[in-house]
Amino acid sequence: MKVVITGASSGLGLALARHYLERGATVAACARRSELLQSLAAEFPGKVFCYALDVRDIAALQHAAEDFMARVGVPDIVIANAGVSRGTLTEYAEDLDAFQQVIDINVLGMVKTFQPFLAAMRAAALTPSPSDETISHSTKPASGQVAGYPRGRGGHFTLVGIASVAGFRGLPGSGAYSASKAAAISYLESLRVELHGSGVNVVTLCPGYIKTPMTDVNTYPMPFILEADEAARRMARVIESGKSFAVVPWQMGMVGWLLKCLPNWLYDFAFSKAPHKSRKTSI
Ligand SMILES: NC(=O)c1ccc[n+]([C@@H]2O[C@H](COP(=O)([O-])OP(=O)(O)OC[C@H]3O[C@@H](n4cnc5c(N)ncnc54)[C@H](OP(=O)(O)O)[C@@H]3O)[C@@H](O)[C@H]2O)c1
């Protein structure tokens, strides 16, 4: 199995990388902190391809995708996990840059992660048969076919986006983060429907609280918090199951569902005093 993971230098991404590596996969580990990627590679000799990059940099992602596919082949799974969280308040001009960065990394970074792999995954999902002719770029392909690639059937390729329960409702003090995760959830749904029947599945994963450097700075209670290894194990199980959407842990799915059902007056009353994420966290 071949797996691409962004944000593989720490937290959930690192736990997902380890999960797949321990099961024999070859992993493309992407993040900015090269030294952390290299230490993961040292643990699993020959199995980790390190790409020190920023998910805002499409040229770097395209180069990484080309390099990985040339060396190893089309990945079975691409996990857009890289993300940042910081408290933001609209009234402060100095927070505008944080708004920009959170949206750029958490939303556009996800699109830029998938883009360089998608055509190759779609093509690989179509198993050629001897009688099949190549579909010309100039003719409109029928449903489930990609112009320029052979006709065929079936395949299991998966794009996974890590969103968040924070995207279910706007959390006070986390406008940028909540908006980015709500956007990620909608984007992933659009992509899933666009790829329906193509052989490329799209999975939306919404973590509740997971113990990682991102949450280590939080001073408020984090119900149902999971260790990163356990979260990775559960998420890999969801990916394998073929489900298109899951909240991990499931208890936070119930909380998220309840939050969605609350009328605005009750939600506003309940959350107006909720603790805010720190605005001091660096991105
Ligand atoms: N922990 C939770 O409770 C929780 C809950 C819901 C959702 N999530 C989501 O889960 C994902 C992983 O978060 P985490 O908790 O594991 O946090 P984390 O430990 O802070 O890890 C974040 C990862 O994203 C990478 N990253 C950040 N900005 C990047 C950029 N511009 N380019 C490339 N890589 C970048 C970081 O690597 P470098 O710094 O080396 O680039 C790091 O590997 C995020 O999308 C987060 O929003 C987490």
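These questions and answers go through a predicted model and the terms used for it.

Me: What makes strand 2 and strand 3 a pair?
Reply: Pairing takes at least two bridges by DSSP. Strand 2 (residues 26-31) and strand 3 have 5 bridges, in the parallel sense. So the two strands count as paired. Among the bridge partners are Val27 and, in strand 3, Val48.

Me: In what order do the strands of the open sheet stand?
Reply: The order is 3-2-1-4-5-6-9, with 7 strands and parallel pairing.

Me: Why are strand 3 and strand 9 said to stand at the edges?
Reply: Strand 3 (48-52) and strand 9 (245-248) each have a single partner strand. One side of each is therefore left without a neighbour in the sheet. On average, neighbouring strands of this sheet are turned by 15 degrees against each other, direction ignored.

Me: Which helices lie on this sheet, and at what angles?
Reply: Helix 4 (residues 96-125) is one of them, lying across strand 1 (2-6), strand 4 (77-80), strand 5 (157-162) and strand 6 (200-207). Its direction is at about 165 degrees to strand 4. Helix 7 (residues 228-241) also packs on the sheet. Helix 7 touches strand 4, strand 5, strand 6 and strand 9, and makes about 150 degrees with strand 6.

Me: How do you know that helix 3 and helix 4 meet?
Reply: Contact requires C-beta atoms within 7 Å. By that test, Ile58, Leu61, Gln62, Ala65 and Met69 in helix 3 meet Lys112, Thr113, Pro116, Phe117 and Ala120 in helix 4. The axes are 8 Å apart, at an angle of about 40 degrees. The crossing is right-handed.

Me: Which residues come nearest to the ligand?
Reply: Gly7, Gly11, Arg32, Arg33 and Gly83 do, of the 28 residues around the ligand. Helix 1 (11-22) and helix 6 (213-216) are the elements that give two or more residues to this shell.

Me: How much of the protein chain is called buried?
Reply: The cut-off is 20 or more other C-beta atoms within 10 Å. Of the 283 residues, 40% count as buried.

Definitions and conventions: Residues are numbered from 1 along each chain as its sequence is written. This is a predicted model: local features need pLDDT of at least 70, side-chain atom pairs count only at pLDDT 80 or more; totals for chains, interfaces and linings use all residues. Helices (H or I, at least four residues) and strands (E, at least two) are DSSP runs, numbered from the N terminus. Axes are lines fitted to C-alpha atoms, for helices over the stretch in contact, and angles run from 0 to 180 degrees between N-to-C directions. Two residues are in contact if their C-beta atoms, placed from the backbone, lie within 7 Å. A crossing is left-handed if the near helix is turned anticlockwise from the far one by less than a right angle, and right-handed if clockwise. A residue is near a molecule or strand if its C-beta atom, placed from the backbone, lies within 6 Å of it. A residue is buried if 20 or more other C-beta atoms lie within 10 Å of its own, exposed if 12 or fewer, and partly exposed in between; C-beta atoms are placed from the backbone.
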